Amino acid sequence: MAAANQLFALELKGFWMDVGQPKDFLTGTCMYLNHLKHVKPEKLYEGPGTVGNVIVDPSATIGANCRIGPNVIIGPDVVIEDGACIKRCVLLRGSRVRDRRSASGFAWRMSPSSAKT
């Protein structure tokens with residue numbers, strides 16, 4: 001590639017990592033949330049039952065007595081029912097976590113039947 005002048009580089013300011021695998025995506029998410037805590041803490045959600053760094057889209061619905069965090073991103077139109085526990089997770093648009101269920105460990109769009117009990 002170099003001999004054919006097809007090799008290029010771009011110098012980036014800040015941090016970059018490959019997030020192509022779910023575990024790497026979650027690691028990157030945790031790092032990003034920690035970064036926000038230091039540079040733009042106003043972007044983090046501070047509602048009832050939250051622990052640590054959490055972002056919640058304004059269109060999301062969170063039920064009563066939930067535990068959210070640490071290291072959680074809740075996307076648009078997500079519904080979290082009463083008593084759910086969410087940690088180290090990214091819930092994509094339209095996900096639903098049923099009442100008294102937990103979600104953790106990877107990024108997903110959770111269907112009702114895939115909730116962990």
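Predicted model: local features only at pLDDT ≥ 70, side-chain atom pairs only at ≥ 80, totals over all residues.
Me: OK, switching to R67. Which strand is R67 in?
Reply: R67 belongs to strand β3, residues 67-68.

Me: How exposed is R67?
Reply: R67 is partly exposed, with a relative accessible area of 36%.

Me: What does the R67 side chain have a polar atom 2.8 Å from?
Reply: The backbone oxygen of G69.

Me: What about contacts of R67, leaving aside neighbours within four places in sequence?
Reply: Those are G49, V51, A84, C85 and I86. As for G49, its C-alpha is 4.7 Å from that of R67, although the two residues are 18 apart along the chain.

Me: Back to β3. Which sheet has β3 in it?
Reply: An open sheet of three strands, in the order β3-β6-β9, with parallel pairing. The edge strands there are β3 and β9 (102-104), each pairing on one side only.

Me: How many bridges join β3 to β6?
Reply: Two, and the strands run parallel; β6 covers residues 85-87. I68 has I86 as its bridge partner in β6.

Me: What else is I68 in contact with, again skipping neighbours within four places?
Reply: Besides I86, the list has G49, T50, V51, V54, I74 and I80.

Me: Which residues have the most contacts inside the largest nonpolar core?
Reply: I68, I74, I80, I86, L91 and V97, in a core of 15 residues. Strands β1 (54-56), β4 (72-74) and β7 (89-91) each supply at least two residues of this core. As a general point, nonpolar side chains tend to be buried together in soluble globular proteins.

Me: What's the strand order in the open sheet that contains β2?
Reply: That three-stranded sheet runs β2-β5-β8, with parallel pairing. Its edge strands are β2 (61-62) and β8 (96-97), and each pairs on one side only.

Me: Which strand do two bridges join β2 to?
Reply: β5, residues 79-80, running parallel to β2. Within β5, V79 is the bridge partner of T61.

Note on methods. Residues numbered from 1 in each chain as written. Heavy atoms only, no water. Pairing = 2+ DSSP bridges. Helix = DSSP H or I, 4+ residues; strand = E, 2+ residues; numbered from the N terminus. Core = buried A, V, L, I, M, F, W, Y, C linked by side-chain atoms within 4.5 Å. Buried < 20%, exposed > 50% of the residue type's maximum accessible area, 1.4 Å probe, protein only. Contact = heavy atoms within 4.5 Å. Polar contact = N/O pair within 3.5 Å; in protein donor to acceptor, adjacent residues only side chain to side chain.
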